[in-house]
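Hi,

Here is the structure I promised to pass on to you. My notes on the ligand site and the backbone follow below it.

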Amino acid sequence: MCGICGAIGNENQISTVVAGLKKLDYRGYDSSGVAYLQTPQNQLCVQKSVGSVKNLQKKLEKNAFSNVVIGHTRWATHGNVCEKNAHPHVSSSGRFAIVHNGIVENFESLKQRMSCDFYSDTDTEVFVNLIENQTGNTLQKLQKASTLIKGSFAVALLEVGIDKIFLAKRSSPLMVAFDHRGCVAASDISAFAGRFDCCWILNDNEFAVLEKDKVTFFDQKLKKISIKPIKIDEYDFAEENLQEDSFMLKEIKEQPVVLRNTYFKYFAEIQNLDWEKLKKFHAFHFVACGTAYHSCLMGARFLKQFCKKNATCDIASEFRYDNNIFVKNCLYIFVSQSGETADTIACANLVKQKGLPTMCVTNVPYCTLNNLADYVLPTFAGKEIAVASTKAYTAQVFTLLVFALRLANLDCQEILKKFVLNLQTTQDLDSVFKQIEKFKKIFFVGREQDFVTALEGALKLKEIAYIGCIGIAAGELKHGTLALVDDETLIVAISTQKSLKEKMESNMLEIKARGGKILLVSQFKHDIDVDFLIKLPDFEEFLMPIVSIIPLQHLALHFCQSLGYNPDKPRNLAKSVTVE
Ligand code: F6R
């Protein structure tokens, strides 16, 4: 993960980079740092701090001035969270400073062949020393070092005495924007917040040199190239005003609006897709990570249910190393909120190398996956800031539902419209949550579509409340997990499918017989006594995965806040997982 930012211009660029890092801190907030060539002495200064960019800002001298600055916000991969491991890293002679997003996979073997001293545990310090050891000018050194690196990188490099920033990229995102005030480079477009009309996105193995008044792009052989600019117009920078007590709550509450936007924009958007071609695919294979994988499970269900097509799913980190049987006539669908998840991108590349068709479902415009895929299906969730995905998930599920319905030629527009106009997210659940907040052992169970909701509900609770819970298929309980059930166990039972209501009742009786307490989440009245109940509003069954996840998002948020944690920035996680 990690976010990098660099700026060069006639004015003081320290505040530009600090502001950019604040926008990028969703990519990692373990530590942050900047390196700059102090004007006028041209001396390399580095400042780092553990924790958020605000901590760094407090440490920076008020009168520090520099025209050439690089910065970094870190999600720790190599080496624990401490100042020593925070970026930027400086080469042993003190001549070069680098910020890096990605992983140098062969850093140990490279390190063993180097004779200099190392001060951190990071792979990045190896990278910067490798650059220093090369011959040629700065760009040539960077290019030569890049060819020796196995792994992924987006780097910004400074050299003492040179008023330029050097960029290199492979498998981690990197883009540049410039105007009369100078040039800015960043891991993503949000760092450009409002200042620029367009930006230039580097492709893999490309380089760039930033000067005060121009940017020059190079290919892997350092031949000058031109890159087409991308217009920055639709991206919404404005929604960062927080009126709720967390971004997660704000985003949970935004879901009806998101689904309305999706409904009204989607039908226009999909006109451009080649439906006749899409209908000819015999099979669909979904690939994603985390919450997006859960949307895939839903998407595959919809395709099987409505289109009677073979649809399967894989977790990206598994798919990329599996002995996959690639089949012709299958559309490979990659779902990702960020469009930058390293494992998902690697899988998309793998499928492309086989010459097979790809589609991506992404929420961030201009992301790497959109550039790769043959078909792009955008979700219209707007910027999701909280690390735990909520509105992006329901937007993905809804988009995949509408996709399947359209592919099956089913006209459900009126049903969908009624749904998006009537969905609420503000049920008063506090009294239920207060009664269950004592539980520390929690299982989420359901069947079929409710099993997927169980997986997603459990993931939300784990990631923000740090409770070791699981989601499990209700029928699977008796094959092992029931051994864990006792009177201190809470089972969240999701039951939204009429045909499976009685099966769920049997499962709940098995749980009760072992003393487990049940929180039933359902629109139906069930014929057994449960300990706690969340009554869902009643919509068509295929819409219930969206309805039923909302109280589970609130549940996770309640547990998180009752334990005193920050839901927006859970420990050990980052919003965009750009490393393997
Ligand atoms: C969980 C969560 C993660 C992401 C996963 C994939 O709330 O946010 O599990 O879903 O890291 O991220 P994207 O969708 O950006 O590929």
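For the residue classes below, Ala, Val, Leu, Ile, Met, Phe, Trp, Tyr, Cys and Pro count as nonpolar, Asp, Glu, Lys and Arg as charged, and the others, Gly among them, as polar. On that basis, the shell around the ligand has 6 nonpolar, 7 polar and 2 charged residues.

This is a predicted model, where local features need pLDDT of at least 70 and side-chain atom pairs pLDDT 80 or more, while totals for chains, interfaces and linings use all residues. Residues are numbered from 1 along each chain as its sequence is written, and side-chain values use heavy atoms, without hydrogens or water.

Of the 15 residues around the ligand (a heavy atom within 4 Å), Ser 336, Gln 337, Ser 338, Thr 341 and Glu 463 come nearest. Domain 2 (242-424) and domain 3 (427-571) each give the shell at least three residues; the bounds come from an automatic or database domain assignment.

A backbone N or O atom lies 2.6 Å away in Gln 337 and 3.3 Å away in Val 387, and a side-chain N or O atom of Lys 460 is at 2.9 Å. The protein covers 90% of the 410 Å² of accessible area that the ligand has on its own (Shrake-Rupley, 1.4 Å probe).

Ser 171 has a positive phi, near 65 degrees. Most residues other than glycine have a negative phi, and most peptide bonds are trans.

Best wishes

Definitions and conventions. Polar contact = N/O pair within 3.5 Å; in protein donor to acceptor, adjacent residues only side chain to side chain.
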